[in-house]
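Try each task before you read its solution.

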Amino acid sequence: MKTYLSVFALVAVLSGCGGGGGGGSAVLPPEKTASELAQICSVDNILSGDAATATQKGTLADERNWIKAYLQERYFWYKDIPAVNAADARYNLSSGTAWQNFANSVTHYFYDQLNPKYTASGAAVDKFSFFTDTYSWSQFAQGEELGYGWLLSEQGSGASRRIWVSHVFAVNQAGFATQAGLKRGDEIMGVDGLAVNVAANSTAVDRALSPSVAGTHQFEVRRLGQTSTEKVFLTASTAVLPQAEHKVVTDSQGVKWGYLLFNAHVDSAQAPLLAALSDFKRQQIDQLVVDLRYNGGGYLALASAVAYGVAGPVRTQGKTFEMVRHSDKRSSENESLPFYSADLNGQAVESLSLTRIYALTTAQTCSASESIINGLRGVDVEVVQIGGTTCGKPYGFVPQDNCGITYAAMEFEGVNNKGQGGYADGLVPQCAVSDDLSHALGDPGEAMFATAIARHRGLACTSVAASRALGSTGLSGLGNGARKLLRPEWQNGKILSRARHGA
């Protein structure tokens, strides 16, 4: 059962989550376990047809009961769950349609029970737990996406809102961005005749940019370096996107650089990742750049395999890639994940046995991507981090489906072979560099790549090469963290599942 329409409805109600409700001085344990309460679905839940296993008819209260049991059993910060009263009106809404009432009630009930504490920097301790519909979750895990074959980023809101093409996937599908000749750095000025920088247009614009149903839309585009605009028609459809690309370039001093763009730890990244490592080995690269600037994470086992490919068998022999630590009530489930020498499907990973890499990061670099950096540092591979501070997510989860909704409450934290972790405020780069949209990804003149080359030559972060790239015309004000990708927050994750124990 495909649920794109209901997915959009769910996303709409999720935007208002958090805050208020409930009371009491203690959280009483549920009377039944999550397993006993699973898949008893409200008749108003239109997503239940996508449940992972057989369901039976129930009520809103049944699904609330499952959420309570699930959080009490699995949530990393179970001791910090606020007491809420399931009888409160906030969790039993009645002012909308049956579906809206159900969706909003469940949303409030789940989010109101998450850890309300903050880090030393003022960020929410748990800004990561989420739920989404199971159909969309399954698509994401496979690397499928309904869209136009691009990644977009935005800056500002209302009259100051601007939207750019950050990456175009090499997918030759009818109506996709690559067929329209769109490039990194092109700016989206309008959608279906509506300007993106008018606040009243934001809902309609966002629906077209992040579609929930297939269809054709008109985009007004200003090409990079141009002042005029043109109309481009794109057709949203579903495709498996290759989440990794690579190239080998030789710089002006004869150094052979391997460049790996890695956008998501999902199934569709595996074949191109294996091909990249094999090609780097064959061409005997001197240095490696791993571009994680848009990588929100995914399967932790795939991060381990990539790290093995970098470090090789000698350095990783008998070492831990990531130690998974659960709450005290689940300490018996703690486990040490090795450096996997094969991907999720058991295909052998070529090893480069490098002692240094350059990792390109932004605030969009999250979760399993951070684990690559932390895991390599745990076995003394030097990781020179260039770009922006990462999102700060040392936590992960095992996705849990109940009634066609996939829940992802954070269940564990990870540390490397040296016991290092705890980077809730992000991994800070040695060189702070902005995302340079005026150059193609993998171009040695692009700001982050140029800085990696400069650092390899022993130059300071503010080298001439990096400064020139940072001064790209038409992109003033795009400092670190100023822009963000237009993608759901739930796609940033460290997933402890898929194919093998601990994967």
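**Exercise 1.** Take C431 and C461, which form a disulfide with sulfur atoms 2.0 Å apart, and work out its handedness and its place in the chain.

*Solution.* Before starting, note that this is a predicted model, where local features need pLDDT of at least 70 and side-chain atom pairs count only at pLDDT 80 or more, while totals for chains, interfaces and linings use all residues. Residues are numbered from 1 along each chain as its sequence is written, and side-chain values use heavy atoms, with hydrogens and water left out.

- Step 1: a disulfide here is a pair of cysteine sulfur atoms within 2.5 Å, and C431 with C461 passes at 2.0 Å.
- Step 2: the S-S torsion of this pair is about -65°, so the disulfide is left-handed.
- Step 3: C431 sits in strand β23 (residues 431-432) and C461 in the loop between α11 and α12 (464-470), so the bond ties together parts 30 residues apart in sequence. Helices (H or I, at least four residues) and strands (E, at least two) are DSSP runs, numbered from the N terminus.
- Step 4: for accessibility, buried means under 20% relative accessible area, exposed over 50%, and partly exposed in between (1.4 Å probe, protein chains only). C431 is at 0% and counts as buried, whereas C461 is partly exposed at 23%.

**Exercise 2.** How many disulfides does the rule give, and what is the pairing of the bonded cysteines in sequence order?

*Solution.* 

- Step 1: the count comes to three disulfides.
- Step 2: C41 is joined to C403, S to S 2.1 Å. The torsion about that S-S bond is about -95°, so this disulfide is left-handed. The pair links distant parts of the chain, with C41 in strand β1 (residues 40-42) and C403 in the loop between β20 and β21, 362 residues apart. C41 is buried at 4% relative accessible area, and C403 is buried at 0%.
- Step 3: C366 and C391 form a disulfide with their sulfur atoms 2.0 Å apart. The torsion is about 65°, so this disulfide is right-handed. Both C366 and C391 are buried.
- Step 4: number the bonded cysteines in sequence order, and the pairing reads 1-4, 2-3, 5-6.

**Exercise 3.** Which strand order does the open sheet of three strands have, and which helices pack on it?

*Solution.* 

- Step 1: the order is β3-β21-β20, with antiparallel pairing; two strands pair if DSSP finds at least two bridges between them.
- Step 2: β3 (130-133) and β20 (400-402) are the edge strands, each pairing on one side only.
- Step 3: four bridges join β3 to the antiparallel strand β21 (residues 405-408). In β21, I405 is the bridge partner of D133.
- Step 4: helix α4 (residues 98-111) lies across β3 and β21, at about 155° to β3. Helix α5 (residues 134-142) packs on the sheet and touches β3, β20 and β21, making about 95° with the direction of β3. Contact means heavy atoms within 4.5 Å; axes are lines fitted to C-alpha atoms, for helices over the stretch in contact, and angles run from 0 to 180 degrees between N-to-C directions.

**Exercise 4.** Is helix α11 mostly covered or mostly uncovered, and what follows α11?

*Solution.* 

- Step 1: α11 (residues 447-456) is mostly covered, with eight of its 10 residues buried.
- Step 2: among the buried ones are M448, F449 and I453.
- Step 3: G458 follows α11 and has a positive phi, near 85°.
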